[in-house]
Amino acid sequence: MRFSIAILIASAFACSASVDSPDAGPPSLEIGTGTGGFEPLVDGESIYIVQGPQGGYHFFGSLRAQNINAGDSEDLSDPQNPQTTFEAFVGDARVDAMASSYRQGLQTTNGFAEMIGRQVILEILDDDELDGATVRFSVTFQDADGIELTDERTLTAIKHPDNQ
């Protein structure tokens, strides 16, 4: 009986979408970049304008959160999955293609919920249009429990060295 209860408790935690830090403080969100893992961004740093395989351009957006409902990363149709939207602005002009909104669960690791390497499609025809520009890069996250968080950084967009 004790073994069955332990399995039931372990199963409940395995399916749980809540990501609480060891100190279980307030919900937090951090915008970043990276494709293989979360890379934090700092105001004033640069972010690569990446040319995709179809010739368009994008930034890679990532996020790291704590004390939120992360949803189910294994089930894209789970209604408990959070809504995440990345946006990019130069001044007041939005330069992303308004196509970088995701409803999916986040991967959980070491007390963090993360979304890594999402393409933030840019509404440009050539990377020269943004090269050297000051960009406000933001992410908004809303979970099924009604927690809404936003984070942003002011960055300098630069051409990726592998762009054609």
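Which strands each supply at least two residues of the lining of the second largest pocket? They are strand S3 (39-40), strand S4 (46-51) and strand S5 (57-66), strands being DSSP runs (E, at least two residues) numbered from the N terminus. The model is predicted, so local features need pLDDT of at least 70 and side-chain atom pairs count only at pLDDT 80 or more, while totals for chains, interfaces and linings use all residues. Residues are numbered from 1 along each chain as its sequence is written, and side-chain values use heavy atoms, without hydrogens and water.

A pocket is an open set of points, on a 1 Å grid over the protein atoms alone, where a 1.4 Å probe fits, with protein on both sides within 12 Å along at least five of seven lines; lining residues have an atom within 4 Å of a point. The volume of the second largest pocket is about 190 Å³, taken as the space filled by probe spheres set on the points, which are joined across faces, edges and corners. Among its 13 lining residues, Thr33, Gly34, Glu39, Tyr48 and Phe60 are the closest to the centre. S4 gives the largest share of the lining, 4 residues.

S4 also has two strand partners to follow, where pairing requires at least two DSSP bridges. With strand S13 (residues 148-159), S4 runs parallel and is joined by 4 bridges; here tyrosine 48 stands opposite isoleucine 158. With S5, S4 pairs in the antiparallel sense over 2 bridges, and glutamine 51 stands opposite tyrosine 57. S4 and S5 form a hairpin with 5 residues between them. In its turn, glycine 55 has a positive phi of about 95°.
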